[in-house]
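Welcome! Please take a look at the sequence and the 3D view, and keep both open while you read.

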Amino acid sequence: KLKPGEADAIIIAGMGGMLVCSILKKGIGDAYRPILVLQPQSDVYEVRKFLLEQRYILEQEQMLMEEGKYYTVLRAIPMETVSEKECDVLFEEAKKNYSETELIYGRYGLEHRDAVLYEYLQKEAEVLDTIEGKLVETVQKASVDGRKVPDKTVERLSSVRKEREQNKEALAYFQL
């Protein structure tokens, strides 16, 4: 267990995003705000949202792929630790409201056209297209057979379509 001020930077990696947020909630506050290097295994959206709420600037992000799995690494700095000159630029960036798509995929990676993120988005688009196609097929078959489509199926189709739109929005960052 670290004492406040014992470390200037902290790395938290290899665990779920909700656990990362829980650890940070207990460990950081107004008196102790280290630089954070985080690599959540899941719920990256929630981690980004938490950091922004805690007045951290998502200074840099990188998506990596290892053994067929994609990982996001975030570097976040407390807003008050940057110089006044840097702060003007970074603060303007940070205070722009993040879109839902930027929270999901990461504004930094989208704006910097991260090559691994692009690969991930393309693969995700294929998966979402396949799922949507199968769900549409299920709905159409039920309609032809005169059966009621289960609410779960309708909700999942709606959810996949929303995810697909967010994926398309993210891919648009890579268009020249």
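Predicted model: local features only at pLDDT ≥ 70, side-chain atom pairs only at ≥ 80, totals over all residues.

Residues are numbered from 1 along each chain as its sequence is written, and side-chain values use heavy atoms, with hydrogens and water left out.

**Strands**

Helices (H or I, at least four residues) and strands (E, at least two) are DSSP runs, numbered from the N terminus. Two strands pair if DSSP finds at least two bridges between them. Start with strand 4, which covers residues 69–78. Strand 3 (residues 56–66) pairs with strand 4 in the antiparallel sense over 10 bridges. You can trace this pairing yourself: Y56 has P78 as its bridge partner in strand 4, and I57 has I77. Strand 3 and strand 4 form a hairpin with two residues between them, and E67 in the turn has a positive phi of about 50°.

Strand 4 also pairs with strand 2 (residues 35–40), in the antiparallel sense over three bridges. Here V37 has R75 in strand 4 as its bridge partner.

**Helices**

The table sets out two helix pairs. Axes are lines fitted to C-alpha atoms, for helices over the stretch in contact, and angles run from 0 to 180 degrees between N-to-C directions.

| Helix pair | Axes come within | Crossing angle |
|---|---|---|
| Helix 1 and helix 2 | 8 Å | roughly 25° |
| Helix 6 and helix 7 | 9 Å | roughly 150° |

Angles under 35 degrees count as roughly parallel, over 145 as roughly antiparallel, 65 to 115 as roughly perpendicular and the rest as oblique. Helix 1 and helix 2 are therefore roughly parallel to each other, and helix 6 and helix 7 are therefore roughly antiparallel.

A crossing is left-handed if the near helix is turned anticlockwise from the far one by less than a right angle, and right-handed if clockwise. Helix 1 passes helix 2 in a right-handed crossing, whereas the crossing of helix 6 and helix 7 is left-handed. The contact of helix 6 with helix 7 has 12 nonpolar, four polar and seven charged residues. In these classes, Ala, Val, Leu, Ile, Met, Phe, Trp, Tyr, Cys and Pro count as nonpolar, Asp, Glu, Lys and Arg as charged, and the others, Gly among them, as polar.

**Pockets**

On a 1 Å grid over the protein atoms alone, a pocket is an open set of points where a 1.4 Å probe fits, with protein on both sides within 12 Å along at least five of seven lines; lining residues have an atom within 4 Å of a point. Grid points are joined across faces, edges and corners, and a volume is the space filled by probe spheres set on the points.

The largest pocket holds about 430 Å³ of space. Of its 19 lining residues, V44, I104, Y105, Y120 and E124 lie nearest the centre. Elements that each supply at least two lining residues include helix 2 (44–53), helix 6 (115–145) and helix 7 (151–172).

The second largest pocket has a volume of about 260 Å³. Which helix gives the largest share of its lining? Helix 1 does, with four residues. The lining includes K1, I10 and Y32, and its residues divide into eight nonpolar, one polar and three charged.
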